Structure formats: C-alpha cells, structure tokens
Amino acid sequence: MEGFIALYIFMLAAVTGYEIISKVPVILHTPLMSGSNFVHGIVLVGAMVAMGHAESTAQTVIGFIAVLLAAGNAVGGYVVTERMLEMFKPSEKKEGDK
Amino acid sequence: MEDFDLLNFVIQATYFIAALLFILGLKQMGSPMTARRGIVWAGVGMVMATLITYFHHEINHNYIWMTIAIGIGGAIAYVSGKKVAMTDMPQMIALYNGMGGGAAAAIAAVILLKQDEMPMTIQALAVIGAMIGTVAFSGSLVAYAKLQGLMRGVIRFPMQQFFNALVFVVALTIGLAIILNGTEYSMTLLAVFFVLALAFGVMVTVPIGGADMPVVISLFNALTGLAVGFEGYVLSNPAMMIAGIVVGSAGTLLTQLMAKAMNRPISNVLFSNFGDADGGEAEAVNGSMKEIDATDVAVMMAFAEKVVIIPGYGMAVAQAQHKVWEMTKQLQERGATVKFAIHPVAGRMPGHMNVLLAEAGVPYDIIYDLDEINEEFPTTDVVLVIGANDVVNPAARTDPNSPIYGMPILNADYAKNVIVVKRGKGTGFSGIENHLFFADNTRMLYGDGQDVANDLVTSLKEL
C-alpha cells in the first residue's frame with residue numbers, strides 16, 4: 001500500500017477513535033474498554049492470512065498460535081462485553097422485564 | 001488495466017463494511033441506551049470479516065488447522081467469558097487483550113521468519129508492531145496474574161527502572177538492526193528480540209500495584225490496538241489498520257481519562273512507586289472511632305429523607321450488592337430518596353462498580369458519579385459507605401502530606417450522618433489512615449458486607 005495513503009488511514013482512524021471516546025460517561029468506561037478490546041480482535045483476520053501462507057513448520061505452528069490467540073481475543077471480548085452491556089437498564093420497567 | 005477480480009472486490013467490500021460496523025458499534029457503546037446494539041453490530045462485522053477471509057487470495061493451505069485453532073481459541077474464550085464473575089471482569093479483559101497482543105506479535109514473527117524482501121517501512125512497522133504486541137502480551141498476562149491473585153505483592157529492587165530502560169534500549173537496538181539488515185538478520189537475533197520484548201513487558205508491569213492495574217490494562221489495550229494496526233499495514237489489510245488504530249487512539253484517551261479520575265498521571269503509574277516516602281509525615285488523626293449496631297442504623301435510615309450509598313470494591317467482594325439493592329427498595333417504599341454515589345475508581349476500574357450494581361438490578365439512573373452528587377452531601381441525612389475507603393477520605397482535601405492528597409473524593413463527611421461498614425479496624429488497601437472514620441458524625445458498623453446488609457434488611461422489615 002502506498003505510504004501516504006496508509007498515513008491518511010492511520011490519521012483519520014486515530015481522530016475517529018479519539019472522537020468516539022471523548023464524550024463517554026464514566027459509567028461506561030469498563031464496557032467500552034472491553035468493547036474496544038473486542039474490536040482489535042480483528043487481528044484474527046491477519047492471523048488467518050499469516051497462517052494461510054506459512055511456508056515452514058515453524059511458521060505454521062506460530063501461525064496456529066496466532067489464530068488461536070486471536071480467536072480467543074475476539075470471542076472472549078465479545079462475550080464479556082455483551083454480558084456487561086445487557087445488564088444496563090433504566091428505572092422505568094419497560095417491555096422485556098424479567 | 002487488470003481484469004476485474006470479483007472475489008477480491010467482495011473481500012475488500014466486506015472488510016470495508018466490517019470497519020464501518022466497528023466504528024459505528026463503538027460509537028453506540030458510548031451511551032447506555034444503545035450500548036447493547038453497538039456490541040452486536042461490531043460482532044456482525046467481526047463474523048463477516050472472519051468468514052470472508054477464508055477466500056482471501058493469500059491463503060492457500062492450512063484451512064483445517066486454521067479452523068481448529070479458531071475452534072479451540074473461541075471455545076476456551078467463550079466458556080471462560082460466560083463463566084467469569086463480574087468482579088473478575090478487569091483481569092479477564094486483560095487476558096483477552098493479552099491474547100490479541102500475542103496474536104499480533106505472532107503474525108509479525110511469521111512474517112519476519114520468512115525473511116522475504118520487503119520495503120523498509122513495512123519491515124519497520126512489522127518489527128515495531130512485534131515489539132508493542134509482545135509487550136502488551138506479557139504485560140497483560142502479568143496484570144491478569146496479579147488481579148487474579150496468582151501473583152501477590154509488588155516486586156521492586158534498586159535500580160529497577162534503570163534495568164527496565166536497559167532491556168528496552170537493547171530490544172530496540174536489536175529491532176533496529178533487524179530493520180536495517182533487510183533479509184540478512186539471523187534467527188537467533190530475532191529470537192533474542194522477542195525474548196527481550198517479553199521480558200520488558202513483565203518487568204514493567206511487575207512493580208505496579210493492584211490499585212493502578214486498570215490504567216495499565218487500558219494502556220496495554222491501546223498498545224494491542226496499535227500493534228494490530230501496524231501489522232495490518234504489513235499485511236495490506238485496511239480493516240485491521242482502521243480497527244487497530246481506532247482502538248489505539250480510543251484506548252489512549254480512555255487510559256488518560258482513567259488516570260485522571262484516579263488522580264494518577266500515567267507517568268506516575270508506570271515509573272513511580274505509590275506511597276513512597278515523599279515529603280513529611282501524614283497528619284495524625286484526632287478523635288476515635290465510634291461503633292454502632294445494625295438496628296440503630298436501620299432506624300436512622302428508615303426515618304431519613306435522603307440516603308446516599310457509597311459502594312466500594314469491598315461490597316462486591318462480599319457479594320453484598322444484591323442485599324444492598326433489596327435494602328434500597330425497602331427504603332424507597334418508605335419514601336426515602338436513595339442514590340448511589342460512585343467514585344470513578346470504585347471497583348477495580350472506572351465503570352466497574354456500575355457493572356456490578358447493574359448485575360444486582362440497580363437501575364443506572366439512580367447511580368451518580370462524583371461531579372453529579374458531591375453538592376448533595378450537605379443535604380443528605382445518611383450516607384452509607386460500604387466497602388469503600390480512600391475515595392471518601394477527607395485527607396485528600398485537607399492534608400498535603402497524604403499520599404492521596406489532591407485526589408477527587410466523594411465528600412461524604414459533609415453529610416449529617418455517616419455510617420461506615422467495614423470488616424475490621426485496619427487501614428485497608430492503600431494503608432492510609434482514613435480521617436472520615438474518626439469524624440464526629442461518623443459511626444462504624446463492623447462486619448462482613450453481606451452479613452451487615454442482611455442485618456439491615458431484616459431490621460428494616462421489623463420496623
């Protein structure tokens with residue numbers, strides 16, 4: 001990828017990340033950290049590519065570890081974030097009250 | 001012009017949508033009303049990106065092993081994620097984050113093992129990403145071990161920061177050598193590079209105490225994002241670049257917000273030792289602690305108009321939040337206004353206590369944070385402090401020699417009556433004497449949080 005285009009992507013992504021978080025109430029800090037932890041689980045995609053064109057046994061083994069760890073990051077991150085967020089409820093008893 | 005590659009177009013389009021879903025998902029996670037939907041959107045993006053990657057043109061074998069790895073990693077994480085208690089959430093996030101960092105580092109390892117010819121910028125980002133990912137990996141594992149209680153205490157020795165810096169500089173130098181040597185670096189050098197990066201992650205985390213750990217976990221979270229973004233560039237994968245850098249930047253801001261909430265600049269967290277002798281002796285405390293029993297507290301609260309409950313991590317450890325909520329409902333039925341006041345660092349990290357209260361069924365709109373509630377204490381009849389300590393210590397306002405001086409606190413001491421529920425007479429987590437406990441309007445209610453809450457519920461019923 002052309003260097004400057006990559007730099008633009010990095011710059012815009014950084015600004016986006018900053019803007020997204022800047023107005024978040026403290027009560028959501030923990031779920032949000034967990035949610036952003038889930039989002040970098042996208043590393044799974046890279047791990048799959050790395051393993052998919054591994055050439056030696058060593059590369060394949062490390063690629064396998066990469067995929068395994070990345071899947072753990074993605075799945076675990078999703079499960080705990082969803083568990084936390086589904087508990088947040090306002091006072092008024094709305095539909096779906098247990 | 002090349003032939004139009006439909007498959008590649010579909011793959012790139014899917015990555016694009018996934019990246020968009022991540023950003024929109026994170027945005028929605030910023031408000032309690034839409035947060036749940038946000039994580040689902042991001043989840044959809046993740047599943048789409050993962051499935052389409054099976055058709056990626058650079059993947060030509062290992063499909064079965066790949067699927068097995070996803071199965072194993074996913075299953076372990078799914079089971080552990082479903083089982084983990086809400087109180088243990090911070091270390092679980094640390095663990096999953098460490099896995100992500102490790103994955104980014106392993107990707108870099110695979111690439112660097114190939115010793116393919118590549119432009120220097122790409123090689124440089126591969127190496128830097130490897131370093132950051134590895135540090136996030138080993139550091140997160142230490143953070144996990146510490147919060148999980150697998151590793152007790154903090155390990156400190158003289159010249160520690162010098163050694164840490166030395167390891168860092170050596171690792172960086174080796175990394176630079178790898179970058180500059182193109183394809184001519186030895187495998188041993190590469191191995192040493194990774195080992196040193198692993199060691200640095202451990203060394204930098206080991207001296208940090210449990211109270212500061214959330215800030216560190218958040219920092220490692222940001223670092224993992226950065227590593228993922230860099231490896232995304234190496235693999236020419238815009239979805240990884242965008243998701244990684246968004247998290248890297250959001251995580252950095254989140255780390256700053258947390259550090260600010262705790263009144264601990266990040267540099268202090270990383271490079272100084274909490275409570276180390278700086279300045280004079282802390283002020284001696286005047287007065288004595290006055291005991292009260294549960295029945296009297298129940299009476300006091302039953303006739304109060306406004307009660308503020310200040311929960312701390314101790315309440316969660318005692319699993320008392322359900323009983324506390326039951327008590328709250330009793331008080332509400334008697335016509336009292338009950339509010340929960342949450343200090344940003346109540347629990348193990350900012351927002352953690354909100355999660356624990358939400359788990360017990362406490363609606364989020366009677367939970368207030370520091371800025372919202374501090375003005376209300378003078379008009380509050382009873383403040384019930386349960387399992388919290390430093391966050392209500394007025395020494396943070398009055399005693400410049402106190403290690404916590406300057407930290408924003410909940411001004412519980414301004415209330416008409418303060419009840420402190422506490423296990424014993426010790427000084428607690430940070431070892432700092434709490435002036436609030438000795439105040440004239442404070443009464444101490446000794447006992448385990450769960451038992452005390454139970455007694456209060458029973459006493460209130462009998463009234």
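Is G63(A) buried or exposed, and what is its relative accessible area? In this predicted model, for which local features need pLDDT of at least 70, side-chain atom pairs count only at pLDDT 80 or more, and totals for chains, interfaces and linings use all residues, G63(A) is buried, with a relative accessible area of 0%. Buried denotes under 20% relative accessible area, exposed over 50%, and partly exposed the range in between, computed with a 1.4 Å probe on protein chains only. Residues are numbered from 1 along each chain as its sequence is written, chains are lettered from A and ligands numbered from 1 in the order in which they are written, and side-chain values use heavy atoms, with hydrogens and water left out.

G63(A) belongs to helix α4 of chain A; helices (H or I, at least four residues) and strands (E, at least two) are DSSP runs, numbered from the N terminus. Not counting residues up to four places away in sequence, G63(A) touches A47(A), M51(A) and V110(B), where contact means heavy atoms within 4.5 Å. The C-alpha atoms of G63(A) and V49(A), which are 14 residues apart in sequence, are 8.7 Å apart in space.

Helix α4(A) also packs against two helices of chain B. Two packed helices are described by the angle between their axes and the distance between the axes. Here the axes are lines fitted to C-alpha atoms, for helices over the stretch in contact, and angles run from 0 to 180 degrees between N-to-C directions. Helix α4 (residues 57–85) of chain A and helix α2 (residues 35–53) of chain B have axes 9 Å apart and pack at an angle of about 160°. This arrangement makes α4(A) roughly antiparallel to α2(B); angles under 35 degrees count as roughly parallel, over 145 as roughly antiparallel, 65 to 115 as roughly perpendicular and the rest as oblique. The crossing of α4(A) and α2(B) is left-handed, a term applied if the near helix is turned anticlockwise from the far one by less than a right angle, with right-handed used if clockwise. On the α4(A) side, the contact involves A74(A), Y78(A), T81(A), E82(A) and L85(A), which meet A35(B), R36(B), I39(B), V40(B), G43(B) and M46(B) in α2(B). By class, the contact of α4(A) with α2(B) comprises seven nonpolar, two polar and two charged residues. In this classification Ala, Val, Leu, Ile, Met, Phe, Trp, Tyr, Cys and Pro count as nonpolar, Asp, Glu, Lys and Arg as charged, and the others, Gly among them, as polar.

With helix α4 (residues 89–114) of chain B, the axis of α4(A) comes within 8 Å and crosses at roughly 155°. The two helices, α4(A) and α4(B), are therefore roughly antiparallel to each other. Their contact divides into 19 nonpolar residues, eight polar and one charged. The crossing of α4(A) past α4(B) is left-handed.

Chain B contains 17 helices and six strands. Its C-alpha atoms fill a box of roughly 80 × 50 × 35 Å, taken along the principal axes. Of the 463 residues in chain B, 55% are buried. Among contacts in chain B with a separation of 6 or more, 76% are accounted for by residues 24 or more positions apart.

Helix α8 (residues 213–234) of chain B has 22 residues and reaches 31 Å from its first C-alpha to its last, close to the 32 Å expected at 1.5 Å a residue, the expected span being 1.5 Å times one less than the number of residues. In α8(B), 19 of the 22 residues are buried, and the helix is mostly covered. Helix α14 (residues 352–360) of chain B has eight of its nine residues buried, so it is largely enclosed by the rest of the structure. The buried residues of α14(B) include H352(B), M353(B) and N354(B). Just after α14(B), G361(B) takes a positive phi of about 105°.

Most residues other than glycine have a negative phi. Q115(B) is found in the loop between α4 and α5 (120–148) of chain B and is partly exposed, with a relative accessible area of 24%.
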